[in-house]
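Visitor: Hi, I'm new to this one and would like a short tour. Could we look at it together?

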Amino acid sequence: MLLTTEQEMIQKVARAIAKDHIEPRAKEVDEKGETPWENICIMAENGLFGVHVPEEYGGVGSDMVTHAAVVEEIASACASTSVALSTQALAIAPFLIAGTEEQKKRYVTPMAQGKVLGSFGITEPNAGSDVASIRTTAKKDGNGYILNGHKVFITNAGESEIYVFVTRTSEDRTKGISLFIVDKGTPGLSFGKKEDKMGIRGSVTREVFLENVRVPKENMLGGEGEGFKILMNVFNETRPIVGAQALGIARGAYEYAINYIKERRQFGKPLSNFQIIQSMIADMAIQIETAKLLVNQAARKIDEGNPNAPLYSSMAKCHASDTAMKVTTDAVQLLGGYGYIKDYPVERMMRDAKITQIYEGTNQIQRIIISNHILKD
Ligand SMILES: Cc1cc2nc3c(=O)[nH]c(=O)nc-3n(C[C@H](O)[C@H](O)[C@H](O)COP(=O)(O)OP(=O)(O)OC[C@H]3O[C@@H](n4cnc5c(N)ncnc54)[C@H](O)[C@@H]3O)c2cc1C
């Protein structure tokens with residue numbers, strides 16, 4: 001499971017950025033509830049948006065294992081900032097999977113370089129876990145398509161320049177789904193208010209409205225009716241990244257709690273001397289280590305093109321996010337009353353952890369995918 005020298009070098013860059021620039025601003029990013037553009041610029045300057053993107057499209061040309069390691073480092077300091085990385089990966093993936101050469105050059109390059117942000121609009125008011133019930137339509141009109149619909153919970157909506165929307169081109173539940181690229185500023189594309197969220201407050205989430213949005217036929221991403229298949233392949237590649245994000249949040253909280261219990265004294269001794277506390281620390285360490293192994297395993301399977309990669313992707317996302325929730329909750333417990341106060345980062349980390357069990361497919365949906373895979377024969 002050792003990283004190669006190149007993977008380690010990229011991880012070290014991410015670790016240094018996380019420590020020197022991102023961690024000191026994490027509290028402020030959470031309080032302001034705005035996109036952390038300064039952090040985004042630093043990550044862009046250091047190539048972190050394009051770790052797993054081929055060099056010909058502006059990326060670093062490294063692999064998924066390295067990409068996951070980078071997201072983990074950034075998330076350990078500030079989950080909100082790591083969402084900029086994971087959402088960019090989500091926006092880039094459909095292009096790399098199904099885009100034409102022209103689409104990849106035009107859209108992936110600026111996203112991989114971190115010059116612009118991208119968003120992927122899937123969820124609708126009545127289509128969350130059940131993606132195939134989306135109602136946003138794309139109707140052929142001369143040389144193009146006209147899009148109408150309503151998306152909810154779209155990360156970076158209004159902040160991004162590039163949007164990919166999941167639409168319906170026919171009534172067939174899955175084969176009637178097609179993807180379209182829409183540039184910000186296209187007439188008919190508008191955004192709702194910023195959602196007031198529990199966590200990842202420095203990541204902006206908005207509704208999106210599509211009212212007679214006209215796009216040329218060249219903006220279709222993949223073939224007509226191929227959208228659902230592309231989407232499932234996208235998730236297979238991006239779920240380990242959410243796993244890495246969750247792992248980073250867990251590690252950040254765990255490391256903070258370890259330092260705290262060594263310093264804090266009660267009953268005349270440091271908290272770390274009490275066996276019941278030591279047992280909690282051991283459990284946290286075991287959960288973090290198993291999550292790390294699973295995220296790394298899933299990333300490796302993707303890098304190798306292993307047909308079982310989707311199974312491991314779902315396992316990694318599910319286990320790492322459950323770990324993040326458990327470990328951050330325990331970290332708050334270890335700090336006692338101080339853990340509940342905003343001056344201490346574990347309070348923010350516990351709020352941030354929750355979303356990793358929800359987005360990119362809830363953990364109930366991951367368990368359905370995992371059991372279907374196991375029971376299919
Ligand atoms: C902060 C944030 C950012 C997001 N970013 C994006 C984004 O960028 N792009 C995007 O498209 N979407 C995004 N989402 C949407 C997110 O992916 C969905 O919220 C998620 O997939 C769940 O859908 P839902 O909210 O409609 O819940 P529902 O699907 O209504 O689920 C409600 C509950 O029922 C459970 N459930 C549903 N079906 C089943 C079943 N068959 N068996 C057992 N349990 C089931 C779920 O697990 C969940 O616990 C974001 C959401 C949030 C909160």
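This is a predicted model: local features need pLDDT of at least 70, side-chain atom pairs count only at pLDDT 80 or more; totals for chains, interfaces and linings use all residues.

Visitor: Okay, then what is Arg251 in contact with, leaving aside its neighbours within four places in sequence?

Guide: With those neighbours set aside, Arg251 touches Glu72, Glu73, Ser76 and Ile288.

Visitor: Is Arg251 buried or exposed?

Guide: Its relative accessible area is 14%, and because buried means under 20%, Arg251 counts as buried. Arg251 has its place in helix H7.

Visitor: Switching topic, how many residues does the largest nonpolar core have?

Guide: That core has 66 residues, and Met43, Leu48, Phe49 and Leu85 are the ones with the most contacts inside it. Helix H7, which covers residues 227-263, gives the most to this core, with 13 residues.

Visitor: And where does this core lie?

Guide: Both domain 1 (5-116) and domain 3 (228-375) give residues to this core, so it lies between them. Another core, of 27 residues, lies apart from it, and includes Ala91, Ile134, Ile181 and Val234.

Visitor: One more thing, at what angle do helix H4 and helix H8 pack?

Guide: Helix H4 (residues 64-77) and helix H8 (residues 275-304) pack at about 145 degrees, and their axes are 8 Å apart.

Visitor: Which residues in H4 meet H8 there?

Guide: From H4 they are Met64, Val65, Ala68 and Glu72, and their partners in H8 include Lys292, Val295 and Asp303. The residues of this contact divide into six nonpolar, one polar and four charged.

Key. Residues are numbered from 1 along each chain as its sequence is written. Side-chain values use heavy atoms; hydrogens and water are left out. A nonpolar core is a set of buried Ala, Val, Leu, Ile, Met, Phe, Trp, Tyr and Cys residues joined through side-chain atoms within 4.5 Å. Buried means under 20% relative accessible area, exposed over 50%, partly exposed in between (1.4 Å probe, protein chains only). Helices (H or I, at least four residues) and strands (E, at least two) are DSSP runs, numbered from the N terminus. Domain bounds come from an automatic or database domain assignment. Contact means heavy atoms within 4.5 Å. Axes are lines fitted to C-alpha atoms, for helices over the stretch in contact, and angles run from 0 to 180 degrees between N-to-C directions. Ala, Val, Leu, Ile, Met, Phe, Trp, Tyr, Cys and Pro count as nonpolar, Asp, Glu, Lys and Arg as charged, and the others, Gly among them, as polar.
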